[in-house]
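Have a look at the structure first, then read on.

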Amino acid sequence: MKSGIANRLLWSWRPESPREANDAIVKNMWLHWFPSKVAKRSISFSYSFWLGTISAVLFVILSITGLILMFHYTPSMERAYTSMKDIDFVTSYGWFLRGVHRVAAQLMVVSVFLHMMRVFYTGAYKKSPGCMGNRPSNWIVGILLLMLTLALSYTGYLLPMDQLAYWAMIIGANVAASVPFVGEQIKMALIGGTIIDQNALLRFYVLHCFLLPIFMFLLMAYHMWRIRKDGGLACVDQISLRHGNGVASPVSTKTYSLLGITSGMDIRAQTLSQIEEKDLIPSSPNLVRRIWLVSLGTMVITILLAIYIQFPLEAPADPTMAPNPAKAPWYFLWLQELIADTTFTILGMTVNGAFLGGIVVPSILLALLIVVPYLDRTPTSNCGVWFPRERLTQNIIFTVMVLLVITLICVGAFCRGPSWVFYWPWEQWPVLPVNF
Ligand code: HEM
């Protein structure tokens with residue numbers, strides 16, 4: 001990479017001295033949140049696959065394209081669909097902008113999920129003996145980020161107001177309504193009434209374009225800040241443990257508060273000073289160059305996919321004509337499948353799958369994910385290591401869960417026909433009368 005053509009084209013910065021490399025970080029408004037040196041292992045591709053960074057870059061792409069789309073989209077029942085059509089066919093490069101936004105949204109769901117898997121398999125949610133920070137809390141922040149990513153995708157889904165959007169929304173609202181005692185109230189709060197109309201559209205628009213992105217931005221900032229305060233990525237702990245170094249004492253004169261939100265000196269920072277020089281490299285150019293490459297790679301892939309994948313709108317939303325089958329967005333298909341699988345009749349009574357499969361099972365899964373760092377009692381010394389032997393059981397259980405979710409998504413996507421009847425992908429669906 002030192003003298004390659006890619007290096008010359010993309011990056012020519014070569015600091016002459018450690019001082020110059022350090023200055024490049026601390027004097028730059030954007031770069032000064034990076035440490036001046038990083039552990040070599042923490043910027044290696046094989047440790048993190050840079051999935052967190054990829055998720056962050058996708059969020060930036062979504063914010064920029066979303067902002068431009070807002071100039072062209074009208075959040076009204078009468079105009080929403082036609083303004084989307086205009087974006088596709090009238091606005092210059094509107095189809096491209098919408099394509100990039102849509103591809104980035106789907107990629108972000110995938111990358112955030114893969115990032116969570118990576119963190120799990122490396123046990124990076126644990127508080128290791130080499131770490132004075134609080135990784136378990138950053139794992140919980142991560143779960144919130146995953147929820148927010150899904151919420152952003154879902155709220156964006158309604159905005160085009162085509163058949164797909166409308167009926168996906170109905171499915172979501174009905175699941176919310178199935179919560180015992182307060183279901184109808186939750187549905188009312190979600191869609192602003194009993195039917196999907198202007199109120200629902202406006203709510204989803206405000207959530208999608210303002211509240212959720214702002215919340216996401218703040219939480220992402222907190223997530224990154226926590227990583228620094230936890231002493232960098234978990235693999236760094238391994239290096240200090242290897243050298244027999246314990247934990248650095250907190251500097252008594254320094255506080256680690258974030259805008260005063262977190263007060264006091266109790267959030268201690270592990271310092272890189274415990275790590276030997278040979279395990280460290282200057283952030284500039286090493287970390288910065290990799291961030292550039294990851295960002296450019298993410299952008300190129302998103303753009304190429306947006307050019308090659310078409311996202312045609314369906315017919316305008318029609319409350320009187322339900323498509324059959326009406327399917328949720330792919331990342332929620334496992335829930336829709338769970339709902340179908342847990343709806344059954346016993347002794348003449350129908351068990352409501354919307355509540356069991358749509359609320360109870362996902363809530364249990366969510367609760368399990370949240371408490372995972374506190375349930376995991378395996379030795380903390382393997383924190384930051386891929387697939388350590390001691391965590392075999394945890395990894396197997398987690399993998400089975402992930403495979404189950406993926407299987408349910410595939411069944412929902414490829415094997416469900418009219419009235420949610422199971423068909424193999426190669427089987428022909430029967431032709432049903434409209435509105436069957
Ligand atoms: C919008 C979503 C997210 C963004 C932008 C994000 C960003 C990042 C970044 C940039 C890193 C540094 C390492 C890397 O690039 O992989 C990181 C690390 C981390 N993330 Fe995330 N993250 C997100 C979601 C999540 C989720 C869903 C979880 C877990 C449930 C999570 C838990 C963690 C933890 C525990 C670390 C420290 C890992 C280590 O020490 O090895 N994050 N995140």
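A residue is near a molecule if one of its heavy atoms lies within 4 Å of it. With that in hand, 27 residues sit around the ligand, and Tyr47, His115, Arg118, His223 and Ala234 come nearest. Keep in mind that this is a predicted model: local features need pLDDT of at least 70, side-chain atom pairs count only at pLDDT 80 or more, and totals for chains, interfaces and linings use all residues. Residues are numbered from 1 along each chain as its sequence is written, and side-chain values use heavy atoms, with hydrogens and water left out.

What is the shell made of, by class? It has 18 nonpolar, seven polar and two charged residues (Ala, Val, Leu, Ile, Met, Phe, Trp, Tyr, Cys and Pro count as nonpolar, Asp, Glu, Lys and Arg as charged, the others, Gly among them, as polar). Helices that each supply at least two shell residues include H4 (51-70), H6 (94-121) and H10 (198-229); helices here are DSSP runs (H or I, at least four residues), numbered from the N terminus.

Now the polar contacts, meaning pairs of N or O atoms within 3.5 Å:

| Residue, N or O atom | Ligand atom | Distance |
|---|---|---|
| Thr53, backbone | oxygen | 3.2 Å |
| Arg118, side chain | oxygen | 2.9 Å |
| His223, side chain | nitrogen | 2.8 Å |

On to the helix pair. H13 (residues 333-341) and H14 (residues 353-375) pack at about 130°, their axes 7 Å apart (axes are lines fitted to C-alpha atoms over the stretch in contact, and angles run from 0 to 180 degrees between N-to-C directions). That makes H13 oblique to H14, because angles under 35 degrees count as roughly parallel, over 145 as roughly antiparallel, 65 to 115 as roughly perpendicular and the rest as oblique.

Key: A polar contact is a pair of N or O atoms within 3.5 Å; within protein, one must be able to donate a hydrogen and the other to accept it, and residues adjacent in sequence count only if both atoms are side-chain atoms.
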